Amino acid sequence: MTPTSSSEARPADRITSVRPVAPRRSPRRSRRLASNVVGAVVVLWGAATAAFLAQMALPGDRATAILNIRTGQAQERTPDELAPIVDAYGLDHPVLVQYLDYIGGLLRGDLGTSYQQFRPVWDLIGEQLGATLVLTLTGILLAWVLMIVWVTLTAGRGPRVRALGSAVDTVTAALPPYWLGILLLLFFGLTLRWFPVMGGSGVNGIVLPALTLAIPLAGFMGQSVRAEYERALDQPFVLSARMRGMGDLGIRLRHVLRHGSIPAVTLTGWALGATVSGAVIVEQIYSRPGIGKTLVSAVGAQDLPVVTGIVVLVAVLYVVANLLVDLVYTLIDPRLKTS
């Protein structure tokens, strides 16, 4: 037997080993993240600039207005009386310098000093922020629960049930918080006496305020989720789950809800800012502590640093919530990482 020549080597010997190439990460995700961060910075800068311009738009001499607010007496002031105010707030500096000082203070976490209470604005807001955040997050959580239960019970159930579900979503989404809050207060607080009427503490005290925020939000989210939810019910994975013996409720909660809830996740980022704003009305109706009550008092006293500080804070919460929403997307549907 003749030896095998090198040109007649076995095919396996001629196969060149190929090193696996790691998939390159699509630059779309990085560009999207960078775009979101830039957009967030622009929104915050715009909110801060609008707050500064609101202070500049105060009618009359600003130092006189500040001193009148502090003393509670509207009258003309002498230059000697105004000198400490001008020096403390740098009102003798050019507007551009005042603006840069203001932005620099925000970057350091300094929201200014209250005209009326002589205290840092951040201290005033910090004392009330916890109550507002608890109310806001409770309202959003209740909205999710109400939306999931109602959509799961009515979506894809037949023409009449679907029409009923859609109609309830539309009606509840249009309910004004002040009207709904008074209605809930009259029925559950005064008539049934299930909950305290004013300023209740603990779980009983937060149920009605949270429902006042949650019911319109649940209707609004239900409108956006219902179409996607019913579309998911017609997908092949639903038929596959039924063939494996999974019940209808299990399919809806484990599979369909995951695909149909993405619009609600999007709205949750917007809802955080909206419910914080809505808390201004709700805290007044139920006499609850919070930044809403602080804001109303500051507006009545023309305490602009407190007003603008709350505006900037709400903008920060809104921006952070929307950035977190983008991260939650990929947890709900991993396919969005490469989309």
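Which residues does Thr 152 touch, not counting residues up to four places away in sequence? Keep that in mind as you open this predicted model, and let's walk there together.

Start by selecting helix H6, residues 121-154, along with helix H11, residues 248-260. Their axes come within 11 Å and cross at roughly 120°. That angle makes H6 oblique to H11, and the crossing is right-handed.

Next, show the side chains where the two helices meet. From H6, pick Ile 148, Val 151 and Thr 152; from H11, pick Leu 249, Arg 252, Leu 253 and Leu 257. Colour this contact by class and you will find five nonpolar residues, one polar and one charged.

Now centre the view on Thr 152, which sits in helix H6. With a relative accessibility of 4%, Thr 152 counts as buried, because the cut-off for that is under 20%. Here is the reply to the opening question: Thr 152 touches Arg 157, Tyr 229, Leu 249, Arg 252 and Leu 253, with residues up to four places away in sequence left out.

Tyr 229 is among the residues with the most contacts inside the largest nonpolar core, alongside Tyr 102, Ile 125, Met 147 and Met 221. This core has 49 residues.

From there, select Met 221. Apart from neighbours within four places in sequence, Met 221 is in contact with Ala 143, Trp 144, Met 147, Ala 264, Leu 267 and Thr 268.

For a last stop, move to a second, separate core of 14 residues. Among them you can pick out Leu 175, Leu 180, Leu 213 and Tyr 286.

Note on methods. Residues numbered from 1 in each chain as written. Predicted model: local features only at pLDDT ≥ 70, side-chain atom pairs only at ≥ 80, totals over all residues. Heavy atoms only, no water. Axes fitted to C-alpha atoms, helices over the stretch in contact; angles between N-to-C directions. Helix = DSSP H or I, 4+ residues; strand = E, 2+ residues; numbered from the N terminus. Parallel < 35°, antiparallel > 145°, perpendicular 65-115°, else oblique. Left-handed = near helix turned anticlockwise from the far one by under 90°. Contact = heavy atoms within 4.5 Å. Nonpolar A, V, L, I, M, F, W, Y, C, P; charged D, E, K, R; others polar. Buried < 20%, exposed > 50% of the residue type's maximum accessible area, 1.4 Å probe, protein only. Core = buried A, V, L, I, M, F, W, Y, C linked by side-chain atoms within 4.5 Å.
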